[in-house]
Amino acid sequence: MKISLKWLKELIDTKLTSDDLVAKLTDLGLECSSSEIGPSFKRVLVGKVESVSKHINSDHLSICKVDIGNDNLLNIVCGAPNVKENIYVPVAIVGATLGKGTFKIKKTKIRGEGSEGMICSEKELDLSDSHEGIMILDGKCNLGDPLEDFLGLKKDIVIDFDLTPNRGD
């Protein structure tokens, strides 16, 4: 059985750290362990695609001008089939990490065109298995806001209880 530590703290007033709580519950005979959950990405912002033009050296790539707020207009090369003007998208800026830190975004050239970030799909953000195209954000978006704030993703600790069957002997 898995229980969120945030949810548990709504029901029980405790000042124990997650490690201490897991140790005390195990001492009581409720064998358990804990793990941290939350966004697997850092420095991904809400952006708006201002313009899209075809890449001259590719059949499927587009060159996008993406506004991330504060007069920051990024040039991003994108291969998604659903990229178009005036949509809000998640933008991994230079220095961002995806996949729990395993993939770092760098300034690069793709077929001769500079790219200053990456417009992300849900799969690249570990939000779903959808990889048909980039993620398009719905609702009221503020340019430059962290994506985890826009989506309401928060870090939490999950306590996993190992329920053992009662033995008749």
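## Salt bridges

A salt bridge is counted here when a side-chain nitrogen of Lys or Arg lies within 4 Å of a carboxyl oxygen of Asp or Glu. By this rule, the predicted model of the chain contains three salt bridges.

One of them joins the side chains of Lys15 and Asp13, with a distance of 3.5 Å from N to O. Both partners are at the surface: Lys15 is exposed, and Asp13 is exposed as well. Another salt bridge links the side chains of Lys155 and Glu36, again described by an N to O distance of 3.5 Å. Lys155 belongs to the loop between α3 (147-151) and β11 (156-161), whereas Glu36 belongs to strand β2 (residues 32-37), so this pair ties together parts of the chain that are 119 residues apart in sequence. The relative accessible area of Lys155 is 46%, so the residue is partly exposed. A further salt bridge is formed by the side chains of Lys154 and Asp149, at 3.7 Å from N to O. Asp149 has a relative accessibility of 48% and therefore counts as partly exposed.

## Overall architecture

The chain holds three helices and 11 strands. Read from the N terminus, the order of the elements is β-α-α-β-β-β-β-β-β-β-β-β-α-β.

What radius of gyration does the chain have, and what would a compact globule of 169 residues have? The value for the chain is 21 Å, while a compact globule of that length would be near 15 Å. The C-alpha trace, followed along its principal axes, spans about 75 × 35 × 25 Å.

Contacts within the chain can also be described by their separation in sequence. Among contacts with a separation of 6 or more, 61% are between residues 24 or more positions apart.

## Surface and charge

Of the 169 residues in the chain, 37% are buried. The chain exposes about 10600 Å², and carbon and sulfur atoms supply 50% of this area.

The chain carries 22 positive and 27 negative charges. The mean position of the positive charges and the mean position of the negative charges are 5 Å apart.

Most residues other than glycine have a negative phi. Against this background, two residues of the chain deserve attention.

Lys100 is not a glycine, yet its phi is positive, at about 55°. This residue lies in the loop between β6 (88-98) and β7 (103-104). Its relative accessibility is 65%; because exposed means over 50%, Lys100 counts as exposed.

Arg111 also has a positive phi, near 50°, and is a residue other than glycine. Arg111 is placed in the loop between β8 (108-110) and β9 (113-115). With a relative accessibility of 48%, Arg111 is counted as partly exposed. Which residues does Arg111 contact, once its neighbours within four places in sequence are left aside? The contacts are His55, Asn57, Ser58 and Leu61. For one of these residues, Ser58, the separation from Arg111 is 53 residues along the chain, and the C-alpha atoms of the two are 7.8 Å apart.

## Two further positions

Gly99 is found in the loop between β6 and β7, the loop in which Lys100 also lies. The relative accessibility of Gly99 is 23%, and the residue therefore counts as partly exposed. Apart from residues up to four places away in sequence, Gly99 touches Ser40 and Asp126. Between Gly99 and Asp126 there are 27 residues of separation in sequence, and their C-alpha atoms are 7.1 Å apart in space.

Is Ser18 buried or exposed? Ser18, a residue of helix α2 (residues 18-27), has a relative accessible area of 17%. Because buried means under 20% relative accessible area, Ser18 is buried. If residues up to four places away in sequence are not counted, Ser18 touches Leu5 and Ile157.

Conventions:
Residues numbered from 1 in each chain as written. Predicted model: local features only at pLDDT ≥ 70, side-chain atom pairs only at ≥ 80, totals over all residues. Heavy atoms only, no water. Helix = DSSP H or I, 4+ residues; strand = E, 2+ residues; numbered from the N terminus. Rg over C-alpha atoms; globule rule 2.2 N^0.38 Å. Buried < 20%, exposed > 50% of the residue type's maximum accessible area, 1.4 Å probe, protein only. Contact = heavy atoms within 4.5 Å. Areas by Shrake-Rupley, 256 points an atom, 1.4 Å probe, with all protein chains shown as cover. Lys, Arg positive; Asp, Glu negative; His and termini not counted. Charge placed at Lys NZ, Arg CZ, Asp CG, Glu CD.
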